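Subject: Structure for your files

Hello,

Here is the structure you were waiting for, with the sequence. My notes on it follow below.

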Amino acid sequence: WGLLSTGLLASPRLLRLAYGHDDNAGFFYTIGNDFNARLLACQVCTTLFIVGWTFVTMFPFFIWLNYKGWLRADSLEELVGLDISYHGGTDFKEGGVKKEYVEAFKR
């Protein structure tokens, strides 16, 4: 939201104070005047670039995690719960894990 709000709400007065001109004010300030959405378009392009960069760099990592079997816990660990499977906790409260699941996990 912070990246796109600049393209929507950049005040011409504050742009003049900071940069000496107000050529590309925020989208909401240019609706009634000369319609100018250059700043918003730049912000949208930047957002798309960040999303694309994150996808390109992280997708191979998640593929590798899935290949190694580290992306998800197996189905029995999900039934038992990660507290029991990883930390050894055995708190059996009402509505908790069924004892037969824990016994099957311990085998």
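**What was found**

F49 has its place in helix α3. Please keep in mind that this is a predicted model. F49 is exposed, its relative accessible area being 57%.

F49 is also one of the residues in a nonpolar surface patch of about 690 Å². The largest share comes from α3, with five residues.

**Helix α1**

Helix α1 runs over residues 2–9, and its buried residues are S5, G7 and L8. Why do they lie on the same side of α1? They do so because they cover an arc of only 160° around the axis. As background, an α-helix has 3.6 residues a turn, so residues three or four places apart point the same way. What do the buried residues of α1 pack against? Their partner is α3, which spans residues 38–68.

S11 sits in the loop between α1 and α2, the latter covering residues 12–19. Is S11 buried or exposed? S11 is buried, because its relative accessible area is 15% and the cut-off for buried is under 20%. Along the sequence, S11 and F27 are 16 residues apart. In space, the C-alpha to C-alpha distance between S11 and F27 is 9.5 Å.

**Cysteines**

How many disulfides does the structure hold? The count is zero. C42 is in no disulfide, and the nearest cysteine sulfur to it, that of C45, is 6.5 Å away. Seen from C45, the closest cysteine sulfur is in C42, and 6.5 Å is too far for a bond, because a disulfide needs the two sulfur atoms within 2.5 Å. As for accessibility, C42 is partly exposed, with a relative accessible area of 47%. C45 counts as exposed, at 52% relative accessibility. The two fall into separate classes because exposed means over 50%.

Regards

Methods:
Residues numbered from 1 in each chain as written. Predicted model: local features only at pLDDT ≥ 70, side-chain atom pairs only at ≥ 80, totals over all residues. Heavy atoms only, no water. Buried < 20%, exposed > 50% of the residue type's maximum accessible area, 1.4 Å probe, protein only. Helix = DSSP H or I, 4+ residues; strand = E, 2+ residues; numbered from the N terminus. Arc of directions from axis to C-beta. Contact = heavy atoms within 4.5 Å. Patch = residues over 30% accessible without salt bridge, like charges linked within 9 Å, V, L, I, M, F, W, Y side chains within 5 Å. Areas by Shrake-Rupley, 256 points an atom, 1.4 Å probe, with all protein chains shown as cover. Salt bridge = Lys/Arg side-chain N within 4 Å of Asp/Glu carboxyl O.
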